[in-house]
Amino acid sequence: QPTQFLLGLAITMLTCLCLIGSVVYQKKSRGRMVTRIQTKTEQFLHRIRPLYYSKTLLWGLIGVGMLVHTAQYLFSRSLHIDEAALALNILNRSFAGLLQPLDNNQAAPLGFLLIERALVQLFGDSEYVLRLVPFLSAIFSILVFSWLARAYLRPAAVPVALGLFVLSEPLIYFSSTVKQYSSDVLIALLLYAVIQDLQAKELTI
């Protein structure tokens, strides 16, 4: 698949990022450097420290995540059996019919089914249309997770957490799958953001 090269490259970058992050977060040693290599390493870390904590790196990770997800979406592989079973319910039923138990041992949230059905009626029944909701959910999930990471994690942990999220293979795979899993992730992140915001405020009756 075209995403394998991008994913492999991104994972390599993420591994380097994790190693750098673990070192950058540590306090500088007060002892004398005993070797020339240690001195060079300290100088290198001192130079990249501003970049590691910058918004440029965060937006770069967001961009990489969106690129990988988009490549997976545009590849437009054939529907697998589970996708096809759910897609048949979406294509062959009316809006009212989707309120009834689904065929082929399928289950999905009602909101997801209704939105999928509306998109099919508006834009047709191609794989791109059927996978549009999962794809957009994955893209918005990256943005929401980025906000949550910056709000609730230590600065040194944010790039690592965001990198792990945007390069998660299951999240990338299901972002182009006719199932509700990507939208589940987005809703969970939004609920967490709302709950944390409410807990931070004094609620009055």
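Predicted model: local features only at pLDDT ≥ 70, side-chain atom pairs only at ≥ 80, totals over all residues.
1. As background, an α-helix has 3.6 residues a turn, so residues three or four places apart point the same way.

2. The length of α10 can be checked against expectation: at 1.5 Å a residue, its 20 residues should span 28 Å, and the C-alpha atoms at its ends lie 29 Å apart, which agrees.

3. As for the overall fold, the protein chain holds 10 helices and zero strands. Of its 205 residues, 39% count as buried. Among the contacts between residues at least 6 apart in sequence, 71% join residues that are at least 24 apart.

4. The largest nonpolar core comprises 23 residues, and those with the most contacts inside it are Phe145, Leu162, Phe165, Val166 and Leu189. Two or more residues of this core come from each of α3 (55-75), α7 (132-152), α8 (158-166) and α10 (181-200), with α8 giving the most, namely six residues. In general, nonpolar side chains in soluble globular proteins tend to be buried together.

5. Val166 deserves a separate look: leaving aside neighbours within four places in sequence, Val166 is in contact with Leu61, Gly65, His69, Ile142 and Ile172. Apart from the core described above lies another one, of 13 residues, which includes Ile90, Leu119, Val120 and Val178.

6. Turning to a helix pair, α5 and α7 pack at an angle of about 120°, and their axes are 10 Å apart. On the α5 side, Phe112, Ile115, Glu116 and Leu119 meet Leu132, Val133 and Pro134 in α7. Sorted by class, this contact of α5 with α7 has six nonpolar residues, no polar ones and one charged residue.

7. Finally, Ser176 sits in the loop between α9 and α10. Although it belongs to a loop, Ser176 has a relative accessible area of 1%, which is under the 20% cut-off, and so it counts as buried. Not counting residues up to four places away in sequence, Ser176 touches Gln72, Tyr73, Arg77, Glu83 and Arg131.

Note on methods:
Residues numbered from 1 in each chain as written. Heavy atoms only, no water. Core = buried A, V, L, I, M, F, W, Y, C linked by side-chain atoms within 4.5 Å. Buried < 20%, exposed > 50% of the residue type's maximum accessible area, 1.4 Å probe, protein only. Helix = DSSP H or I, 4+ residues; strand = E, 2+ residues; numbered from the N terminus. Contact = heavy atoms within 4.5 Å. Expected span 1.5 Å × (residues − 1). Axes fitted to C-alpha atoms, helices over the stretch in contact; angles between N-to-C directions. Nonpolar A, V, L, I, M, F, W, Y, C, P; charged D, E, K, R; others polar.
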